[in-house]
Amino acid sequence: VRKNLGINTTVSYGSPSQCLTALKSGSADAAISLGEITVPGIDCDPIGMIPCGILIAKSHPFAAMKSIRVADLDNLSIALWPDHDFFNAAALKRLDQKGAAIGPAPIEADVRDFTGFLGSGGALVVPYISAIDEGGIRSVSIPFDRSEGIATPLCLSNRSLNPAPKVIALKRFFKAAKRFISESQASEILTDRK
């Protein structure tokens, strides 16, 4: 945004609910989300795609795989990423289109619940961004095979009423330049922020 449009920006990270609150209150001009935000009063435009994968324990038999296929999910207990409803809805829709009938296991956003679930052989559906290191909970992320097409949209969202001029300029930039953010670009951005 700074380089291409000359607009000064401040970037902060938050949960989906924190980002929605910031958008609605006006304390944020825009939010970038994984999955489409379907909330009244919020406009949401796709600006890229992020591949999905699974998070499993490093001790899991699949841990050495370079990628996973939808058919590999058949005998796994699958959970969705807690508190990330927009991502989960997009991932479930795509998995369903590919024939994976997933009845997600309940899981809380708690380290003990994560480690217990993963330790019992479970798999968590997550966005696959190679720069994110999940090693802190003795786990590994494995992307879905590219041929499966399991990805979720990366979206730029803003309030529907009176969007800030810089948000309008940013949307025009993405549309006119047909710019899309890829997983490698997202990884690069996240790596630069560490």
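Strands S2 and S6 run antiparallel and are joined by nine bridges; two strands are taken to pair if DSSP finds at least two bridges between them. The model is a predicted one, in which local features need pLDDT of at least 70 and side-chain atom pairs count only at pLDDT 80 or more, while totals for chains, interfaces and linings use all residues. Residues are numbered from 1 along each chain as its sequence is written, and side-chain values use heavy atoms, with hydrogens and water left out.

Eight of the nine residues of S6 are buried, where buried denotes under 20% relative accessible area, exposed over 50%, and partly exposed the range in between (1.4 Å probe, protein chains only).

The protein comprises six helices and six strands, which follow one another from the N terminus in the order α-α-β-β-β-α-α-β-β-β-α-α. These elements are DSSP runs numbered from the N terminus (helices, H or I, at least four residues; strands, E, at least two). Of the 194 residues, 40% count as buried. Contacts are defined by heavy atoms within 4.5 Å. Among contacts between residues at least 6 apart in sequence, 80% join residues at least 24 apart.

Helix H2 (residues 16-25) has Leu20, Ala22 and Leu23 as buried residues. They lie on the same side of H2 because they cover an arc of only 160° around the axis, the arc being that of the directions from the helix axis to the C-beta atoms. The buried residues of H2 pack against strand S1 (31-34), strand S2 (42-57), helix H3 (85-97) and S6. Exposed residues Gln18, Thr21, Lys24 and Ser25 are carried on the face of H2 turned away from its buried side. Gly26, which follows H2, has a positive phi near 90°.

Helix H5 (residues 165-176) has twelve residues and spans 16 Å from its first C-alpha to its last, close to the 16 Å expected at 1.5 Å a residue; the expected span is 1.5 Å times one less than the number of residues. Its buried residues are Val167, Leu170, Lys171, Phe173 and Phe174. These fall within an arc of 155° when seen down the axis of H5, and therefore line one face of the helix. Their cover includes helix H1 (2-5), S2 and S6.

The largest nonpolar core has 20 residues, and those with the most contacts inside it are Ile54, Leu73, Ile78, Leu95, Val125 and Phe144. A nonpolar core is a set of buried Ala, Val, Leu, Ile, Met, Phe, Trp, Tyr and Cys residues joined through side-chain atoms within 4.5 Å. S2, strand S3 (78-80), H3 and strand S4 (123-127) each supply at least two residues of this core. A second, separate core of ten residues includes Ala57, Ala79, Leu124 and Val126.

Glu148 is located in the loop between strand S5 (139-143) and strand S6 (151-159). Its relative accessibility is 8%, so Glu148 counts as buried. Not counting residues up to four places away in sequence, Glu148 touches Ile68, Arg69, Val70, Arg94 and Lys98.
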